[in-house]
Amino acid sequence: MTAPELTRTPGVIVDVSALVGRGLRRSVRSVDALITAILLPVLILLAFVYVFGGAIETGTRYLTYVVPGIVLICAAFGSASTGAGVNQDMTTGMIARLRSLPVLGSAVLIGHIVASVARNLLSTTIVVAVSLLLGFRPTASVLDWVALVGLLMLFMAGISALSAAFGLLVTNAEAAGAFSFVVLFLPYVSSAFVPPETMPDFLQGFARNQPMTPLVETVRGLLVGGPVAESAPAALAWAVGFLVVGVAVSGVLFRRRTGR
Amino acid sequence: MAYTVFMAYTVELQSVTKRFGGVAVLDGVDLRVERGSVAALLGPNGAGKTTAVKVLSTLLRPDGGRAVVAGHDVVSEPAAVRRSISLTGQYAAVDEMLTGRENLVLMGRLRHLTRASARARADELLDRFELTAAGGRRVATYSGGMARRLDIALSLVVEPRVLFLDEPTTGLDPRSRRDVWGSIAELAAGGVTVLLTTQYLEEADRLADRITVLHCGRVAAEGTAEQLKARIGGETAHLVLPDADALARAVALLAANAVSAREDVEALSVHVPTDGSAAAVRDLLDLLHAQGVEVDRLALHRPTLDEVFLALTEQPAAEQPPAERPQTLEVTR
């Protein structure tokens, strides 16, 4: 046996980077999951632009109106699958082995969440590219793009953390998938597809105040111009809130589930 | 700390208890494993084997008693324990979406080896466990035996002082089981202290220097395989007689000679505990032959785990935990 050489990099950094690397490998290899994460938003985009779009009056070209919502759906839907992988680690022997190592327990969760953000940046970029092919013309400045990517990454991390918490809560990977449906449905009752003022009164209250509306409005403002100042604080607060709550709840559930 | 007393033992449990919802899963378990030896925890499902391993590998905190691994208390020095051990759990802890080599390199990194060192070690272990050809394939394509071998290899990325193997061959086909046995025997020969759990007497017999039989969270017996087998009477000779009349005469004859035997009327056979030696069997046959009782066929049966448990747990009633029934009720509630 060759004498094993220990690295001089601090342990926490090695742990996290090794587990992020594992998450990225898993992401690249779940080809079907990756295709679904790209194809589903693209199909929703096509359906809304070519099937329903003609009948929806938004004051602008419908493609221009709907792409920001599709971008958020892609980011949210892809991030929501994080919990399934976390659940898999908990229900197989993986976690027992990792816990019996001198490794920071939360490094496993960080690995899943960081890999999810990277994966969803890729799928969201592809969805934006498809919308460009369909004729979407963003007017965003370089600074707008930077702000957009920052907000989306924060949002992806938030949804991924919430999904991880859900994956720690449920007993099997199938149940962990249920979170995707909530995330997928939420944008329909927001300003993603139609202006909320066209909805019946009882829905308007919900549509205006639920997280997706300020997020969609901010993404829309950054991509195609429009008021950002009004919706951005709420959008940022929701994204940060998701992340904080997701990380806190995951931490508690993780400790409880691996508790001694 | 006064660990000097325990230095001869790398693994030690002292009256360890662990309760789950009022049920004692470990009920005052004592266990000692000498440095460099292989010990087996033998018992059926629910005996407390996995719980004992989890306590020793710092995954569960004991409610009472003391657990010491490689000189460190599992409760007060879990980090030091984790640096000395490797655990191969009951369920394969391999990432099926990664290749065998990637799993090994990941584990090397988590053991804080340099990248180069982790890669070199991965190749060594693939070679040692005959997985080199499969090293570049995803683990999802591996057979059960290959995945298990990889699982054990993952425990050895940094050679531990103590290796815990929780049911290493459960669910494997006979061939894979032999392969895994070979790997474990090799490790033991290399000086690693191994504590394994198993449901199979044969496995404990093959691999372990000492066996601890666990039953309902208590140690039912402890000793070498030979000692345990001697306690339960080695092998049972099944003598099949030609007819009911011969069977009756054989039973009477054995009883008259104070040989304990159990008859199975339906199978026309009588079961006699022996030490499994040829001499004992010859004496038995001679005894019957001398009185004109001819045996049709003879088979020697190794004691099954059931028989071992029955024999070892047939203690005076006072030793049985009296609270057993209410406990069962509490579990089902």
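This is a predicted model: local features need pLDDT of at least 70, side-chain atom pairs count only at pLDDT 80 or more; totals for chains, interfaces and linings use all residues.
Visitor: In what order do the four strands of the chain B sheet come?
Guide: The order is β2-β1-β4-β5 in an open sheet, and the pairing is antiparallel.

Visitor: Which are the edge strands?
Guide: They are β2 (23-34) and β5 of chain B, each of which pairs on one side only.

Visitor: How many bridges are there between β1 and β2(B)?
Guide: There are nine bridges between β2(B) and strand β1 of chain B, which covers residues 9-20. In one of these strands, β2(B), Val33(B) is the bridge partner of Val11(B).

Visitor: Where does α1(B) lie?
Guide: The helix α1(B) lies across β1, β2 and β4 of chain B. Its direction makes an angle of about 120° with β1(B).

Visitor: Where is Thr58(B), and is it buried or exposed?
Guide: Thr58(B) is in the loop between α1 (49-56) and β4 (64-69) of chain B. Thr58(B) counts as buried because 24 other C-beta atoms lie within 10 Å, and the cut-off for a buried residue is 20 or more.

Visitor: What about the phi of Ala70(B)?
Guide: Ala70(B), also a residue other than glycine, has a positive phi near 50°. Ala70(B) is found in the loop between β4 and β5 (72-73) of chain B.

Note on methods. Residues are numbered from 1 along each chain as its sequence is written. Chains are lettered from A and ligands numbered from 1 in the order in which they are written. Helices (H or I, at least four residues) and strands (E, at least two) are DSSP runs, numbered from the N terminus. A residue is buried if 20 or more other C-beta atoms lie within 10 Å of its own, exposed if 12 or fewer, and partly exposed in between; C-beta atoms are placed from the backbone. Two strands pair if DSSP finds at least two bridges between them. Two residues are in contact if their C-beta atoms, placed from the backbone, lie within 7 Å. Axes are lines fitted to C-alpha atoms, for helices over the stretch in contact, and angles run from 0 to 180 degrees between N-to-C directions.
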